[in-house]
Amino acid sequence: MLTRRSILAAGLLAPVAARAQPASSGIIRIINPFPAGGASDSIARLLQPGLQARLGATIVVENRPGASASIGAAVVAKSPPDGTTWLLTADSFVVSSLLMTSLPYDLQKDFEPVTMVARGPMVLCASPSRPYRTLADVIAAAKARPKTLTYATTGIGSNGHLTVAALCQLTGMTLVHVPYRGVAPASNDAIAGHVDMIISSTASLAPQIEAGQLRPVVQCGEKRAAFLPNTPTAIESGVPNLHTYSWFGFFGPAGTPKPVIDKFYRDVVATVRDQAITNILINKYRVEVPLPTPEELRKMIAEELPYYAAIIRDNNIKAGT
């Protein structure tokens, strides 16, 4: 069974796929199911020139936000499986499929995984005005004053919400969830001390952490992120089996021929491994570039679904509540 730890090795060791050309009219769409200016949009546009050169077609990035990113995903699910339409989405793709009961697609049946181009662990940060420096500090304070410590997330059912729900369940503490509509207002309130803590991805909070505006308390990857070498993981802090990431990956419509998937996978990998692109992803966005094969990404999705489903079930988390 694939573990998150094996993704990087799998991507590095993957054989080069057979060459194949998608049936193209000269335009290939990358559907971004989030608003313009967000991380997925920025990554799509970062990769756009390299993919355009390698695919020999005009790459158009289309923003189709709304309904927890399901509108854009549905566009791809219903598109012809000929290599002219691809989805670049995020980890919420998995969580939404568990929380939303009326999606116009089936995550596992209506999409062909391609690869994951970037991921970063979730990180819990404290406001500088608060004394919390370690997870043990947070647990002790939360147990001394139950239901008083607050944490901000980007919304109900977000990866951060599920991560802290699992963290509370595993440590026996209780924190008060304060959902926001986006990381900007959430981080602003955490910096100002209106909430005690915030949880989001390293990619989202890196600028504030590096500026000293937020203090990282614990990160939730299987190993420490390179830019947070002094911040222990939840596992190191005595919380087993807690490892959550924010990630961005490509998917195509179900039924896309394997040679077309393999060709696009190879071109995405070559584009991401261009040193200039890799440097931007690692040094600006503070993510790693795992690049699993389509088969490995499919297995990872199959692994994440029950992992998050258990957190949702055990904590009675419902969309919009």
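On a 1 Å grid over the protein atoms alone, a cavity is a set of points where a 1.4 Å probe fits but cannot get out, whereas a pocket is an open set with protein on both sides within 12 Å along at least five of seven lines. The structure examined is a predicted model, in which local features need pLDDT of at least 70, side-chain atom pairs count only at pLDDT 80 or more, and totals for chains, interfaces and linings use all residues. Residues are numbered from 1 along each chain as its sequence is written, and side-chain values use heavy atoms, with hydrogens and water left out.

A search of the whole structure identified one cavity of 30 Å³ or more. The largest cavity holds about 30 Å³ of space, a volume being the space filled by probe spheres set on grid points joined across faces, edges and corners. Its lining (residues with an atom within 4 Å of a point) consists of Ser68, Ala69, Thr89, Ser92, Phe93, Ser96 and Tyr105. Helix 4 (residues 92-99) contributes the most to this lining, with three residues; helices are DSSP runs (H or I, at least four residues) and strands likewise (E, at least two), numbered from the N terminus. The lining of the largest cavity comprises three nonpolar, four polar and no charged residues, where Ala, Val, Leu, Ile, Met, Phe, Trp, Tyr, Cys and Pro count as nonpolar, Asp, Glu, Lys and Arg as charged, and the others, Gly among them, as polar.

The largest pocket has a volume of about 1,400 Å³. Of the 44 residues that line the largest pocket, Phe34, Ser92, Thr154, Ser158 and Gly182 lie nearest its centre. Two or more lining residues are given by each of helix 2 (39-55), helix 4, helix 6, helix 7, strand 7, helix 8 and strand 9 (245-253). Helix 4 again gives the most, with four residues. By class, the pocket lining divides into 22 nonpolar, 20 polar and two charged residues.

Helix 7 (residues 183-192) and helix 8 (residues 202-210) have axes that come within 11 Å and cross at roughly 35°; axes are lines fitted to C-alpha atoms over the stretch in contact, with angles running from 0 to 180 degrees between N-to-C directions. The crossing is right-handed, that is, the near helix is turned clockwise from the far one by less than a right angle. Val183, Ser187 and Ile191 of helix 7 and Ser204, Leu205 and Gln208 of helix 8 make the contact (heavy atoms within 4.5 Å).
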